[in-house]
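Trainee: I have a model to go through before the group meeting. Can you take me round it?

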Amino acid sequence: MKFLKLWEKIGIYGLTLFVFLVCWALLGENFVSAYNLMNVLMQICLVVIGSVGIVFVITSGLIDMSIGSIYTLTSIVVGIGLTKLNIGTVGSVVLALLVGVCCGLVNGGLVVYMKIPPFVATLSTMLAFKGVSYLISSGKDIMYISHESFKMISSGTILGIPNPVWIMAILLIAGYLVYKYTRFGVYVRACGSNASVTKISGIPVKRVYFLCYICSSVFAVIGGIISASRTLIGTSTAGATYGIDCICAVVLGGTLMAGGKGNIIGMFFAALLLGFMKNMLNMLNLEFYYQYVITGFILVFALVMGNLRELLQARKV
Amino acid sequence: MDTILKISGITKQFPGVKALDNVSFDVERGEVHAVVGENGAGKSTLMKILGGLYSADFGEITINGKKTAIRGVLDSLKSGISVIYQEFNLVPMLTVAENIFLTRLPGKSGVVNRKKLNEKCSELMHELRLDINPSAMVSELSVSEMQMVEIAKAVSFDSSIVIMDEPTASLNDKEVATLYRLIDDLKRRGTTILYISHRMKEIFDLSDRITVLRDGCKIGTYNTNEITEEELIHKMVGRDITKFYHSNDDESSETGEVVLEVKQLCKEGFYKDISFQLHRGEILGLGGLMGCHREEIAKTLFGLMHPDSGTIVLNGKPIQIDTPADAIRNRIMFSTDDRKNEGILPDMGVDENLTIAVLNKICKGGNGLIHYKTESAFVKEYTDYMQIKYASPSQHILHLSGGNQQKVLLARSLLTDCEVLILMEPTRGIDVGAKSEIYSMLRQLAARGIAILMITSETQELITLCDRAIVIYQGTISGALKSNDSGSAAITEDNLMFCATGNKHIFYEGAKQ
């Protein structure tokens with residue numbers, strides 16, 4: 001029991017530290033070099049950004065399966081903005097963000113007004129949004145290699161730190177502050193903890209749901225923009241596992257699937273843990289599919305640990 | 001005198017039952033006004049109307065001399081009413097302070113000023129002399145602390161009327177004392193309190209006046225110091241006893257040997273020293289008021305709860321019941337009071353609902369393949385026997401009436417060849433006609449030698465259906481009554497009520513105390 005209590009407190013942080021130390025022991029100086037650590041941050045920043053939105057969605061008692069498709073759609077929308085509409089970098093980014101808001105409104109509308117269970121609703125829109133990206137790109141890739149200013153989003157640096165890492169840090173901190181210190185944050189937790197009580201208390205539950213879905217779509221779009229600026233190609237096949245990766249990091253980070261309790265810092269550490277592992281497998285020249293096995297294992301382990309205390313307590317009744 | 005709340009002609013009809021029938025009474029400013037009645041008398045419905053959860057079909061509510069329409073929870077709050085319900089309305093994952101001020105979080109432009117929030121909450125707690133940490137999670141509080149938070153929340157709205165629905169149901173003596181003190185404080189501030197309870201002691205300790213409801217009708221309003229406990233109990237129960245139930249005298253069954261014996265069963269915080277015997281072919285009623293923990297006793301016998309100490313003896317052999325599967329193996333069956341959530345498989349057919357517990361019986365040769373001929377034979381036999389009305393065997397059970405659903409569930413238990421049948425509220429939400437059918441069915445089952453333990457909130461069922469009744473008061477047995485007792489321990493309304501309120505302890509001759 002004591003061990004379980006300890007786990008509840010430091011669980012994911014301790015585990016991340018443990019993996020960090022294992023990597024250090026296995027790989028030595030190469031691993032802890034500033035260059036390599038920055039590399040890890042660059043790799044995880046897309047997932048972290050998308051996960052910030054997912055923390056809000058899951059904490060409010062919902063789920064969003066569609067962000068992977070929104071992420072994909074973004075690379076196409078940006079491509080169309082840059083090459084066909086010629087509205088420049090700023091215009092394309094704004095266009096993509098607007099598309100994100102629309103996707104969020106569609107998800108929210110299906111769940112709030114059509115009363116479709118969140119999982120099925122967003123599973124349907126996952127397919128629909130994917131279809132839209134094929135449709136508007138006619139199934140072809142869109143190249144935008146020559147757009148230097150767009151490329152700067154991911155390749156530029158400020159104070160020697162790459163832009164994506166800055167963006168991740170800002171969004172992470174903003175998400176944390178909103179979650180912890182604002183009325184909206186309290187409402188999100190209240191909705192996820194007990195929606196009917198929250199409604200009886202006179203809180204606009206529907207609006208909270210809409211905002212959560214807009215939040216997750218927009219964050220997925222931001223992730224998509226950074227990724228597009230890295231690859232400089234719009235393709236409907238990109239980002240197949242993005243949604244799952246985000247949900248994985250969020251759950252591993254200690255956010256309750258049932259809602260009511262989120263953990264943004266934990267999510268960051270979970271993403272970091274997964275990043276370290278990927279990095280280690282790379283450096284050891286191991287095949288990438290080991291990563292799936294290990295990730296799955298860690299996820300099961302964390303979930304079992306999280307449930308164990310309740311299970312043990314339930315047996316005593 | 002100054003009337004703060006005037007209830008006139010409130011009527012509320014639910015399908016099949018008139019929960020409130022033209023109820024009118026006045027509440028004076030600053031008084032503690034108790035509303036009493038048996039289970040199902042309409043107390044809670046009335047409170048939910050005042051709280052804005054239900055709307056009345058007829059009648060009007062006047063607050064401070066102004067006619068007020070209460071259409072929702074916010075309306076009710078705005079007109080100065082706070083209701084503390086039996087089931088709590090707190091968000092478990094938020095802190096105490098966040099819960100109390102959920103709709104009124106202090107701070108500018110969406111940013112919550114946590115310091116001010118906790119200060120406000122501490123102030124409130126200090127004012128009420130409560131020792132609860134504002135930043136504690138509600139999910140970590142004890143039930144009584146949650147109760148106190150609910151009260152603090154009501155106070156924080158500066159409501160002029162606070163309604164408490166059985167606030168002591170989950171409190172121990174010390175916590176009840178705190179509640180008394182809180183009510184005293186509120187009274188001194190000039191708050192009016194509507195206090196719903198059926199615990200005599202509290203009613204007489206706390207209230208200034210008492211309104212009695214019975215079967216949805218108002219019986220009268222009395223000054224507390226002008227009525228005795230006994231008079232009050234008579235007012236609560238006194239009705240024409242055999243209206244539509246047939247008595248069990250004509251088919252009084254000879255009860256056989258002891259099937260199930262419970263010895264000294266204890267569970268901290270729920271029940272204590274529970275001992276009784278259940279005979280073959282008898283219907284034993286388990287009476288008591290809401291919150292007396294008789295449900296937990298029944299759940300223990302079916303392995304849904306585990307006792308701290310005590311033994312359960314079946315046919316002379318002590319048995320261990322850890323899980324429902326253990327109970328079923330020992331041929332003890334259980335029928336739930338929550339038909340919708342724990343009973344029926346709503347989207348499955350009548351046939352599948354019937355046979356779900358005995359699928360191995362209808363699988364030929366135990367190879368896991370369902371033998372549909374056997375199944376339909378079973379279904380035919382039992383639906384005929386139980387007189388279940390349905391369109392076709394595969395009709396979704398959801399579309400049957402409550403009475404027919406209940407019969408299917410009874411048949412499901414029967415199919416398992418049980419010896420002991422535990423029934424929780426077998427006629428809850430069932431209309432009068434189906435009720436009497438179920439009664440005669442239960443008598444038939446008893447005649448077949450099944451021992452039935454029945455928990456019911458309907459006094460009439462205990463009187464007309466049960467051979468014996470055990471009454472539970474605050475987790476202990478306060479009475480054992482017998483239907484054909486020649487002495488003073490017959491199952492009557494008065495005896496049941498005296499035992500259920502802890503007013504008297506009545507045992508028939510020969511009953512083990």
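Trainee: What kind of model is it, and how are things numbered?

Mentor: It is a predicted model: local features need pLDDT of at least 70, side-chain atom pairs count only at pLDDT 80 or more, and totals for chains, interfaces and linings use all residues. Residues are numbered from 1 along each chain as its sequence is written, while chains are lettered from A and ligands numbered from 1 in the order in which they are written.

Trainee: OK. How many residues are in contact between chain A and chain B?

Mentor: 18 residues of chain A are in contact with 18 of chain B. Contact here is a C-beta criterion: the two C-beta atoms, placed from the backbone, lie within 7 Å.

Trainee: Which helices of chain A supply that side?

Mentor: Helix H9 (183–193) and helix H10 (195–200) of chain A each give at least two residues to it. The largest share, 6 residues, comes from H9(A). Helices are DSSP runs of H or I with at least four residues, strands are runs of E with at least two, and both are numbered from the N terminus.

Trainee: And how does the side of chain A that touches chain B divide into nonpolar, polar and charged?

Mentor: There are 8 nonpolar, 7 polar and 3 charged residues on that side of chain A. Ala, Val, Leu, Ile, Met, Phe, Trp, Tyr, Cys and Pro count as nonpolar, Asp, Glu, Lys and Arg as charged, and the others, Gly among them, as polar.

Trainee: Switching to helix packing. At what angle do H3 and H8 of chain A pack?

Mentor: Helix H3 (residues 34–59) and helix H8 (residues 163–181) of chain A pack at about 25°, and their axes are 9 Å apart. Axes are lines fitted to C-alpha atoms, for helices over the stretch in contact, and angles run from 0 to 180 degrees between N-to-C directions. That angle makes H3(A) roughly parallel to H8(A), a label used for angles under 35 degrees.

Trainee: Which residues of H3(A) and H8(A) meet?

Mentor: From H3(A) they include Leu41(A), Met42(A), Cys45(A) and Val48(A). Among those they meet in H8(A) are Pro164(A), Val165(A), Ile167(A) and Gly175(A). The contact divides into 13 nonpolar residues, 1 polar and no charged.

Trainee: Now chain B. How many helices and strands?

Mentor: Chain B comes to 17 helices and 21 strands. Its radius of gyration is 25 Å, close to the 24 Å that the globule rule gives for 513 residues, so chain B is as compact as a globular protein of that length. The radius is taken over C-alpha atoms, and the rule is 2.2 Å times the number of residues to the power 0.38. The C-alpha trace of chain B spans about 75 × 55 × 45 Å along its principal axes.

Trainee: What is the strand order in the sheet of 6 strands?

Mentor: That open sheet in chain B has the order E6-E7-E8-E3-E9-E10, with mixed pairing. Strands pair if DSSP finds at least two bridges between them. E6 (81–84) and E10 (217–223) of chain B stand at the edges with a single partner strand each, so one side of each has no neighbour in the sheet. Neighbouring strands are turned by 15° against each other on average, direction ignored.

Trainee: How many bridges join E6(B) to E7(B)?

Mentor: There are 4 bridges, and E6(B) runs parallel to E7 (residues 161–165) of chain B. Ile84(B) stands opposite Met164(B) in E7(B). Helix H6 (residues 173–188) of chain B lies across E3 (32–36), E7 and E8 (192–196) of that chain, at about 145° to E8(B).

Trainee: And the sheet of 4 strands?

Mentor: That one is open too, ordered E12-E11-E14-E15 in chain B with antiparallel pairing. Its edge strands are E12 (271–279) and E15 (317–319) of chain B, each pairing on one side only.

Trainee: What sits around Glu261(B)?

Mentor: Glu261(B) has Gln277(B) as bridge partner in E12(B), and Val313(B) as bridge partner in E14(B). E11(B) and E12(B) pair in the antiparallel sense over 6 bridges. They form a hairpin with 3 residues between them, and Gly269(B) in the turn has a positive phi of about 85°.

Definitions and conventions: Parallel < 35°, antiparallel > 145°, perpendicular 65-115°, else oblique.
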